[in-house]
Amino acid sequence: MYLNQNIFSSFRHSQYGNKGDKIKIISRSACINLHDEVLIVENAQGKRFPVLASNITEDAVRQNQQPQELIINRQPIRKQRKAATTQTLF
């Protein structure tokens, strides 16, 4: 079994697996969700992570030539205040 796409954690802080990585199914969910079945898989390094059944395939998948980079903006963007445009009565 192989991954169809890159798999990230739910908060996108880390990447679990890359597209084309060979995986082994460890367990299937007991109940099927409304959307898709969730599987627990293990990659070649022994790291286990959840993945949707639609994100795996039995055919080998060609990996991307360049790894996808995550852009994490740790500093909040501050909005600049506009100058007051009120006119006085007198």
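Isoleucine 23 touches Met1, Tyr2, Leu3, Val41, Glu42, Asn43, Phe49 and Ile56, leaving out residues up to four places away in sequence. Contact here means heavy atoms within 4.5 Å. The model is a predicted one, in which local features need pLDDT of at least 70, side-chain atom pairs count only at pLDDT 80 or more, and totals for chains, interfaces and linings use all residues. Residues are numbered from 1 along each chain as its sequence is written, and side-chain values use heavy atoms, with hydrogens and water left out.

Isoleucine 23 also belongs to the largest nonpolar core, which has 8 residues. Buried means under 20% relative accessible area, exposed over 50%, and partly exposed in between (1.4 Å probe, protein chains only). Strand 5 (38-43) and strand 6 each give two or more residues to this core.

The chain has 0 helices and 7 strands. From the N terminus on, its elements run β-β-β-β-β-β-β. Helices (H or I, at least four residues) and strands (E, at least two) are DSSP runs, numbered from the N terminus. Buried residues make up 21% of the 90 residues in the chain. Of the contacts with a separation of 6 or more, 40% come from residues 24 or more positions apart.

Strand 5 and strand 6 pair in the antiparallel sense over 5 bridges. Pairing requires that DSSP find at least two bridges between two strands. Valine 38 stands opposite leucine 52 in strand 6. Strand 6 has a covered face with Phe49 and Val51. Its uncovered face carries Arg48, Pro50 and Leu52.

The structure holds 1 salt bridge. Glutamate 42 forms this bridge with arginine 48, and the closest N and O atoms are 3.3 Å apart. The criterion is a side-chain nitrogen of Lys or Arg within 4 Å of a carboxyl oxygen of Asp or Glu. Glutamate 42 is buried, at 16% relative accessibility. Arginine 48 is exposed, with a relative accessible area of 52%.

The count of aromatic pairs comes to 1. The rings of tyrosine 16 and phenylalanine 49 are stacked, because their centres are 5.5 Å apart and their planes are at 10 degrees. Rings of Phe, Tyr and Trp (its six-membered ring) pair if their centres lie within 6.5 Å; planes under 30 degrees apart count as stacked, over 60 as edge-to-face and the rest as tilted. The pair links distant parts of the chain, with tyrosine 16 in strand 3 (residues 15-17) and phenylalanine 49 in strand 6, 33 residues apart. Tyrosine 16 is partly exposed at 26% relative accessibility. Phenylalanine 49 is buried at 1%.

Asparagine 6 lies in the loop between strand 1 (2-3) and strand 2 (7-8). Asparagine 6 is buried, with a relative accessible area of 16%. Its side chain reaches the backbone nitrogen of lysine 19 at 2.7 Å. Asparagine 55 sits in the loop between strand 6 (48-52) and strand 7 (56-57). Asparagine 55 counts as buried at 13% relative accessibility. Beyond its neighbours within four places in sequence, asparagine 55 is in contact with Tyr2, Leu3, Asn4, Gln5 and Ile7.

Notes
Polar contact = N/O pair within 3.5 Å; in protein donor to acceptor, adjacent residues only side chain to side chain. Core = buried A, V, L, I, M, F, W, Y, C linked by side-chain atoms within 4.5 Å.
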